[in-house]
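I opened the notebook to look up a few features of this fold.

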Amino acid sequence: MTQEKRVRTLILGAAGRDFHNFNVAYRQNRSAEVVAFTAAQITGIAGRRYPPSLAGDLYPDGIPIVDEAELERMCREHLVGQVVLAYSDISREQVMHLASRALASGADFVFLGPERTMLKASVPVIAVSAVRTGCGKSQVARWLSAQLKSRGLRVGVIRHPMPYGDLERQAVQQFAALGDLDAADCTIEEREEYEPHLALGNTVYAGVDYARILPLAESESDVLVWDGGNNDFPFVRPDLHIVLVDALRPGQETTHHPGETVLRMADVVVIAKADAACADSVSQVEANVRAVQGRVPVVRGGSPIRLDDETQVRGKTVLVIEDGPSMTHGDMPWGAGYVAATRAGAAQIIDPRSYAEAEIADVFARYPHLGPVLPAIGYSKRQIAALARTIERVPADMVVAATPIDLKSLAGIDKPVMRARYEYAELESPGLTGVVEAFLKRAGLAA
């Protein structure tokens, strides 16, 4: 009997879900041969290789990572039979464009679902996901960790991956102090997620190989919090799945992949930013949720914004810096910083476009929906330096920074910086607190 030929496979990704899917479904799979990963969404990923130490025995030379623009060429030259979509926060229209390109190239177009890709933990897991980037997942994850720790539980936070550097070095990461971020050469995007957790005393686990990351986190925790990225579904099977929708973006509950999947997986849905939206928008979002998910509790939460000292902003010309991925991948024109500066009475919010360094100008060109704000983009030291030069060139009296990190210290900004902060807040009772308390009792973690 002749051995069945391996199906040549191309994984479309963005340095996260793609690597995880490979690790759990293809690394030891002798019926498939992954010829390449493609890179999208994140700059500086293409041109590298997934290293042999992570790729496994079937791939002694590792696996190339190429630009997604090479999809058709790769399919043609490598006789690809299967194209796997493995990144998130992508519109239905974009999904079908990619599917059409793959199908026209002669390949099947494939999704790997939660059942095939979620790992099983030995301790209870609470996952925080969302239908879009920028809904406020990290705020809820931080709030949740504080709730759990107040009950005397050891909490480990497992973060959706952001391996944008040396993949071998980033295979398994554990962050317990700010010095750990410096040692790992973390990007701005990583720091935005990790620093606030570290400020609360949380240990964060992340990296590339979650089958190795999970046992480390389990060994040090009574309960795990999955802090999701984009609108992806969890890598670890949740025992309680909290999913956020955005009161400021009604109608986007089911417009992006895999946002609708995540919504349909929910054990509880949180309408985030309900304090900042009008009543009609909140009602519309709830109705949209109920149309596809009528069996679970729906609670309303807030995201109150505060400036460290709003009197310092009043009457000033201001440059607003926002959380990067929320603005870019999340399709938001502005965020908390713009709202805070406007409310505080800034005399003018200066549009940074005409002052942007080339690498930052490329971001504005790629995301034309951006309003008069500067996304905190820094996927490399070079990009961080370009961001810092852009900030210095803007003729503003001060900077209002809504990124969760200490950008002034990281980027060496000379201008005065006023930080805009925002955290999750309950708007009703028993709200999310009641859902979490009921879960802890079921899990034997509370009396």
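Is Arg132 buried or exposed? I am working on a predicted model. Arg132 has 1% relative accessibility, so I log Arg132 as buried.

**Entry: the Arg132 pair.** I looked for the partner of Arg132. Its side chain meets that of Asp331 in a salt bridge, at 2.9 Å from N to O. The pair links distant parts of the chain, 199 residues apart. Arg132 sits in the loop between strand 8 and helix 6. Asp331 sits in the loop between helix 12 (324–328) and helix 13 (336–343). Asp331 has a relative accessible area of 37%, so I note Asp331 as partly exposed. The cut-off for buried is under 20%.

**Entry: other salt bridges.** I searched the whole structure and got 29 salt bridges. One of them joins the side chains of Arg27 and Asp209, at 3.2 Å from N to O. Arg27 is in the loop between helix 1 (17–25) and strand 2 (32–39), and Asp209 is in the loop between strand 11 (203–207) and helix 9 (210–219), so the pair ties together parts 182 residues apart in sequence. I checked both for burial. Arg27 counts as buried at 14% relative accessibility. Asp209 counts as buried at 3%.

Next I took Glu115 and Arg237. Their side chains meet in a salt bridge, at 3.2 Å from N to O. This pair also links distant parts of the chain, 122 residues apart. Glu115 belongs to helix 5 (residues 114–117), while Arg237 is in the loop between strand 12 and strand 13. Glu115 counts as exposed at 59% relative accessibility. Arg237 counts as partly exposed at 27%.

I also looked up a network. Salt bridges with shared partners join Glu70, Arg73 and Glu77 into one network.

Entry: What is the strand order in the open sheet? I read 10-11-9-12-8-13-15-16-23, which is 9 strands with mixed pairing. Strand 10 (172–175) and strand 23 (425–426) each have a single partner strand, so each stands at an edge with one side left without a neighbour in the sheet.

I zoomed in on strand 8 (residues 125–130) and strand 13 (residues 240–246). They run parallel and are joined by 5 bridges. Ile126 has Leu240 of strand 13 as its bridge partner.

**Entry: helices on the sheet.** Which strands does helix 6 (residues 137–149) lie across? I list strand 8, strand 9 (155–159), strand 12 (223–227), strand 13 and strand 23. Helix 6 runs at about 160 degrees to strand 8. Then I took helix 11 (residues 279–292). Helix 11 lies across strand 13, strand 15 (268–272) and strand 16 (298–302). Its angle to strand 16 is about 145 degrees.

**Entry: helix 8.** I checked the length of helix 8 (residues 188–199). It has 12 residues and reaches 16 Å from first C-alpha to last, close to the 16 Å expected. How many of its 12 residues are buried? I count 11, and I log helix 8 as mostly covered. The buried residues include Glu189, Glu190, Arg191, Glu192 and Glu193. Tyr194, Pro196 and His197 are also among them. Gly201 follows helix 8, and its phi is positive, near 85 degrees.

Technical notes:
Residues numbered from 1 in each chain as written. Predicted model: local features only at pLDDT ≥ 70, side-chain atom pairs only at ≥ 80, totals over all residues. Heavy atoms only, no water. Pairing = 2+ DSSP bridges. Helix = DSSP H or I, 4+ residues; strand = E, 2+ residues; numbered from the N terminus. Contact = heavy atoms within 4.5 Å. Axes fitted to C-alpha atoms, helices over the stretch in contact; angles between N-to-C directions. Expected span 1.5 Å × (residues − 1). Buried < 20%, exposed > 50% of the residue type's maximum accessible area, 1.4 Å probe, protein only. Salt bridge = Lys/Arg side-chain N within 4 Å of Asp/Glu carboxyl O.
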